[in-house]
There are 2 protein chains.
Amino acid sequence: MVSELGRILSPEQVLSGPGAQRAYDCDAYSVDRSKPMCIVLPESTEQVAAVVRWCAANLVPFTGRGAGTGLSGGALPALGGVVVSTKRMNQIVEIDIPNRCLKAQAGIANKRLSDAVKDQGLHFAPDPSSQSVSTLGGNIAENAGGPHTLKYGVTAQHILGVTMVDPEGEILELGGKVPGGPGFDFFSLIVGSEGTVGLVTEAWVKLTPLPTAVQTALIAFPTIRDATETVAEIIASGVIPAALEMMDRGILVALEAAFGLKYPEGTAALLLVECDSNLSAEPAGELVQREIETVAAICQAHNAIDISIAQDEAERQKLWHARKKGVGAMGRLAPSIVTHDGVIPRSKLPEMLDFVYEVAERHGVKVANLFHAGDGNLHPCFYFDDRDPKQVHAVIEAGEEIIRKCVSLGGSVTGEHGVGVEKQDLLPLMFTPDDLRLQAMAKQIFNQGNLCNPCKILPTEKSCVEHKKRWRGVAW
Amino acid sequence: MVSELGRILSPEQVLSGPGAQRAYDCDAYSVDRSKPMCIVLPESTEQVAAVVRWCAANLVPFTGRGAGTGLSGGALPALGGVVVSTKRMNQIVEIDIPNRCLKAQAGIANKRLSDAVKDQGLHFAPDPSSQSVSTLGGNIAENAGGPHTLKYGVTAQHILGVTMVDPEGEILELGGKVPGGPGFDFFSLIVGSEGTVGLVTEAWVKLTPLPTAVQTALIAFPTIRDATETVAEIIASGVIPAALEMMDRGILVALEAAFGLKYPEGTAALLLVECDSNLSAEPAGELVQREIETVAAICQAHNAIDISIAQDEAERQKLWHARKKGVGAMGRLAPSIVTHDGVIPRSKLPEMLDFVYEVAERHGVKVANLFHAGDGNLHPCFYFDDRDPKQVHAVIEAGEEIIRKCVSLGGSVTGEHGVGVEKQDLLPLMFTPDDLRLQAMAKQIFNQGNLCNPCKILPTEKSCVEHKKRWRGVAW
């Protein structure tokens, strides 16, 4: 395999051996691991297509991989085979300012897209927390969200076209500078398909004007309920913040322990609210100022104990620490963290949060919450010691209860992290067997051989029995 | 058929006979006509499902229909059979203000959605020109756009969930109050599928805050090129107008002839520009004022000969006449109009418009243009006498040349009117045979028997041979 792929690409574009295998045996969902046979580093769509054609001809499974920051195992090479890394496909192909779009290779880091057009007053709006490393291709695969999703939408809303290598190794072009197009629209099948219908190698992305004015506030509340009720009230007021994030006491304790960050005495929850405007006219600044004042007044009426509004960019960055450093801080509290990802109608936030704490207490697990409150996108983080099987069991049980509650409140089993291998068993909570049959048909439009990122998303693929049999029958 | 369907529903919910058949033999694309056997008027999802189950069991084709305003033949009952009208399914099911969404039946007129939540300061943003009659279900089937698409997006971006009766008569629920969800996302397969994958009976739609401030300007230019170049410049300035519409001299002549509307001497093109803001804070009005002044300054620099800015709502409505009455006015100029629908990257507008006039002149056909310039969505209208076969031929030839040019400039064969039966032959301009095979597979996920709105979209279905054979073989 290594020598054949080395002939198709070049020998130094194929990694193998125990070190390489270990480095690529999981993504950020490290609970599941599976070693690939080798890793290839193609540099172009044509090279990706050549690798895929070889895999298809030899019945070798393959899995695409960007930066490996995915949180549900999307880049896990579940049956081994070949990992197709986009590491060397990190170039911008074309920038078209008049039509406000840009074409780039899939392996480019999200943030580099925005950096490239900053001087023109534009940016690529999706901003997952991992944006300094996570790739355009990975963002497309997972339909990534981020703090600014509330106002600007998820990745799907910013992709105009893709170049994709299908599981047979054919190159497809969908969309382009102009969105839409005739016939059945495959976009939502591809964007968010977690890499199971082909490998996106390049994409046209929409560029959005940068905010011309920004105001950021960090507000401390004495109870969780005060904070969650404030979220509903802010939205009801007509203000659409660019970001509306919530952190609970568990996060604050972690931030203080890890980084010495201090928040007001008696704080049970923090809200981070950012308002912006990209309007070109002069009084945008004044307008955003008034919006943040409206937000502040609503917070005050809901018992806020402290309201800090950033006076400059340095202060703004400081307020964002509470949000951006939260996960890192948690990492220091316990050997393991499991971050759950569910979504509910945002009016159910108070009820849902009460439930999260009740469940955690009942199972005796520690929980902290840091999430996109404005979207109703919940991220309870359990922290525990994964060397203790009892703790692991409790975390799994508590997580499932929470996800079931999300569904019963009219929400979904995943808000933005995807299904991958993590949530396959939970799909039947939302889908009937008939629904799942339709889902399988959707996948098969592109992926009939099931060599492309096998064993993902659908519960029926969890065991991958058929596939494993066939794959084990061949020489690799 | 009539008596069996009358038993399933009630006799007065089934229309038949020559008068009814003629009334339902086409939509607004009246070039193609085909009589249904009968028309049913169900009142609920369950009744739609019962009708579809009967059709599936008896191999009778069926076609959904809203208000029949579609422009590419989507509601044409190509093989006869049953037309399922949503006329009696026009109720709002639930309004949820805190979560900014609303559930309604498919047959409700678009505008009624906005009327229902106006007092709460909200609206349903998609606004096709037909919005006072065209239905939510039809808007979903065609993924309708409208003048305000530029800022607010097409229908797909405002649909959170649908209830759909699949072609076997099963009821599927997709999405809900919360967008997204796990697994493969069928939304873009369903929204915009032109009624070929099932009958959407209810939908959850997103509600958007109403503008708190609006400014509207109508600007006259001495040449088409001045107007098209102004469009590019406005977008480049950072202003995102809520609407940016263009009307050429052909439309002005029609408006004067039909309604006595007068525009400044020497006008070759009009731009209608609307800026708005739904920001809640006070200075929104001032901000929008500045935006319209920015627009005016750009127009001035591009040789505008007249700039009218509405001072109140009455004046605003008057300025909109140029846009809204344009098509009606055209109807008085000639017995027939064909409105084409293509889209190009908006920077190509000047080049494209030059081409449209050149083609029209070469073929000796009259053309007028009225379109969503900000989106690059072109609508050349040919007006002619369809009793003269030579004129009909010239119109068809000219239309095809224009659509080919759209594709060659990086655009698409349809911007917002759909493929239906009108543009099936043009799909190979954009799709390879392999692409079309994938398209057919997408349709077959839901519609295996091909009884649901047959003979649409895919060029291979143009003849519908297999289907006709089978259908003729049965008793109906």
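This note sets out points on the domains, the chain interface and selected residues of a predicted model.

1. Basis of the values. The model is predicted, with local features requiring pLDDT of at least 70 and side-chain atom pairs pLDDT 80 or more, while totals for chains, interfaces and linings use all residues; side-chain values rest on heavy atoms, without hydrogens or water. Residues are numbered from 1 along each chain as its sequence is written, and chains are lettered from A, with ligands numbered from 1, in the order in which they are written.

2. Domains of chain A. The assignment gives domain 1 (2-85), domain 2 (92-209), domain 3 (213-328) and domain 4 (332-447 + 454-471); such bounds come from an automatic or database domain assignment. The C-alpha centres of domain 2 and domain 4 of chain A are 26 Å apart.

3. Domain 2 against domain 4 in chain A. Contact (heavy atoms within 4.5 Å) joins 16 residues of domain 2 of chain A to 16 residues of domain 4 of chain A. The buried area, that is, the accessible area (1.4 Å probe) that two parts lose on being put together, summed over both, is about 1,300 Å², with 64% from carbon and sulfur atoms. On the domain 2 side, A:Leu150, A:Glu194 and A:Thr196 lose the most area to domain 4, together 39% of what that side buries.

4. Polar features of the same interface. Between domain 2 and domain 4 of chain A there are zero salt bridges (a side-chain nitrogen of Lys or Arg within 4 Å of a carboxyl oxygen of Asp or Glu). Three residue pairs, both at pLDDT 80 or more, are in polar contact. A polar contact is a pair of N or O atoms within 3.5 Å; within protein, one must be able to donate a hydrogen and the other to accept it, and residues adjacent in sequence count only if both atoms are side-chain atoms.

5. Chain A against chain B. Each chain brings 63 residues to the contact, and about 5,300 Å² is buried between them, 64% of it on carbon and sulfur atoms. A:Val178, A:Pro182 and A:Phe184 supply 15% of the area that chain A buries against chain B, more than any other three residues. The count of salt bridges between the chains is zero, whereas eight residue pairs (both at pLDDT 80 or more) are in polar contact.

6. Composition of the chain A side. Helix H15 (433-446) is one of the helices of chain A that each supply at least two residues to the side touching chain B; H15(A) gives the largest share, ten residues. Helices here are DSSP runs (H or I, at least four residues) and strands likewise (E, at least two), numbered from the N terminus.

7. A:Arg100. This residue, which is not a glycine, has a positive phi of about 50 degrees. A:Arg100 lies in the loop between strand S5 (92-96) and strand S6 (101-105) of chain A and is buried, with a relative accessible area of 11%. Buried means under 20% relative accessible area, exposed over 50%, and partly exposed in between (1.4 Å probe, protein chains only).

8. B:Asn453. The loop between helix H15 (433-446) and helix H16 (465-472) of chain B holds B:Asn453, which is buried at a relative accessible area of 1%. Beyond its neighbours within four places in sequence, B:Asn453 has contacts including B:Phe62, B:Gly74 and B:Lys443. Its side chain reaches the backbone oxygen of B:Glu194 at 2.8 Å. B:Asn453 and B:Arg65 are 388 residues apart in sequence and 10.0 Å apart in space, C-alpha to C-alpha.
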